[in-house]
Amino acid sequence: MNTSLRVIILCQSIFLSFQVHRSEGSSANRIVANLDQKGLEVPCTIQPNLTFQHLGWFSCSTIEECRSSLDEHRIAHIFNISTVLVDFPERFALNATGVLTILKVLPEYDNKTLLCRVVTPLIGSREFITLLEISEESPRIVCRSPQTFYVVKGMKLVLECDAVGYPLPQVTWTRDHELLKNETGTDANFVREIANMEDSGSYVCRAQNSLGFDNHTIQVTAIDIKSCSTSPPPGKEDLDSATAISKLFYPLLLSLFLLLLIAVAIIIYLVWRIKKSGVIGQNHPNNCRVESGDDNQNVPGQHIANHAFNLEDIPKKEDGAEEL
């Protein structure tokens with residue numbers, strides 16, 4: 001039975017070897033990635049059910065360069081099936097199945113050849129090639145610094161920006177049309193170790209490549225701490241004046257409002273007293289008047305007027321008449 005099992009394994013190995021040899025004539029695998037892309041996985045196209053003993057990944061410009069000196073271009077490998085070793089762990093990762101992960105796609109990876117070399121127990125070594133390309137895009141600027149930036153005189157001035165695009169853009173920094181920096185790459189930071197009052201101005205970051213350009217403007221204002229007590233920053237003096245005026249205005253407005261309330265209260269009281277005095281005067285018994293017409297019935301003291309008599313109607317006392 002052991003002989004039969006060996007024959008079956010041998011036949012399977014010959015069949016897989018035929019399949020692998022046939023796949024070597026096919027075109028290499030091609031992957032297109034974006035610049036700064038993270039976690040890009042590159043599989044090693046191993047035939048199904050093919051068990052490998054050793055597996056290695058190599059990076060070089062051409063396949064011939066890789067084959068000429070494998071040890072110089074090795075980036076990761078698996079030894080004795082289970083032992084995984086990565087030569088550049090800050091850039092690559094490798095799992096037990098042979099999948100290579102590029103942690104971040106860098107510009108130097110463009111048009112790179114990634115060679116996966118597999119060693120099997122019966123068939124021997126086989127190669128699988130992957131060509132890596134970076135897609136082209138027009139540049140764009142991503143700034144982490146605010147558009148209005150304040151820096152203290154004597155401190156370090158740092159304007160943080162990144163230029164994203166491929167081919168790598170040309171990055172320039174200008175202040176009020178004066179060229180301050182000119183270089184090629186994705187790092188678009190501007191640094192001034194010691195800031196002066198002359199560093200105030202309008203800073204423009206420009207990134208440009210063959211596909212286009214992008215601009216970003218930051219307004220920088222330098223502040224002298226020594227003169228802060230006597231010379232506040234622009235706009236601070238106006239703010240202090242407005243605050244002082246408001247502190248004087250609100251108490252005055254409150255006082256005027258209280259005086260107005262008191263005056264209104266006094267006026268209301270005087271009107272009430274006047275009305276009350278008028279009502280009392282109209283209801284007094286001695287306030288009698290005689291009027292003709294039908295309205296006389298409602299006039300106070302009218303009954304007195306009706307019984308009034310004229311002194312001329314009284315007979316005069318004759319001379320010599322005796323007094324009763």
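Keep in mind that the model is predicted.

Start with the count. The structure holds four aromatic pairs. I'll walk through two of them.

Take Phe92 and Tyr109. Their rings are 5.9 Å apart, centre to centre. The planes sit at 35° to each other, and the pair is tilted. Now look at where the partners come from. Phe92 is in strand β6, residues 92-94. Tyr109 is in the loop between β7 and β8. The two are 17 residues apart in sequence, so this pair ties together separate parts of the chain.

Are these two buried or exposed? Phe92 is buried, with a relative accessible area of 7%. Tyr109 is buried as well, at 6%. Buried here means under 20%.

On to Phe190 and Tyr203. Ring centres are 5.6 Å apart. The planes meet at 55°, so this pair is tilted. Why tilted and not edge-to-face? Because edge-to-face needs over 60 degrees between the planes, and this pair has 55°.

Again, the pair links distant parts of the chain. Phe190 lies in strand β16, residues 190-192. Tyr203 lies in strand β17, residues 201-209. They are 13 residues apart.

Burial next. Phe190 has a relative accessible area of 5%, so it counts as buried. Tyr203 is at 0%, also buried.

Which residues make up the aromatic cluster? Trp173, Phe190 and Tyr203.

Last item, a charge and a ring. The charged end of Arg206 sits over the ring of Phe213. The distance to the ring centre is 4.1 Å.

Conventions
Residues numbered from 1 in each chain as written. Predicted model: local features only at pLDDT ≥ 70, side-chain atom pairs only at ≥ 80, totals over all residues. Heavy atoms only, no water. Phe/Tyr/Trp six-rings, centres within 6.5 Å; stacked < 30°, edge-to-face > 60°. Helix = DSSP H or I, 4+ residues; strand = E, 2+ residues; numbered from the N terminus. Buried < 20%, exposed > 50% of the residue type's maximum accessible area, 1.4 Å probe, protein only. Lys NZ or Arg CZ within 6 Å of the ring centre and 35° of its normal.
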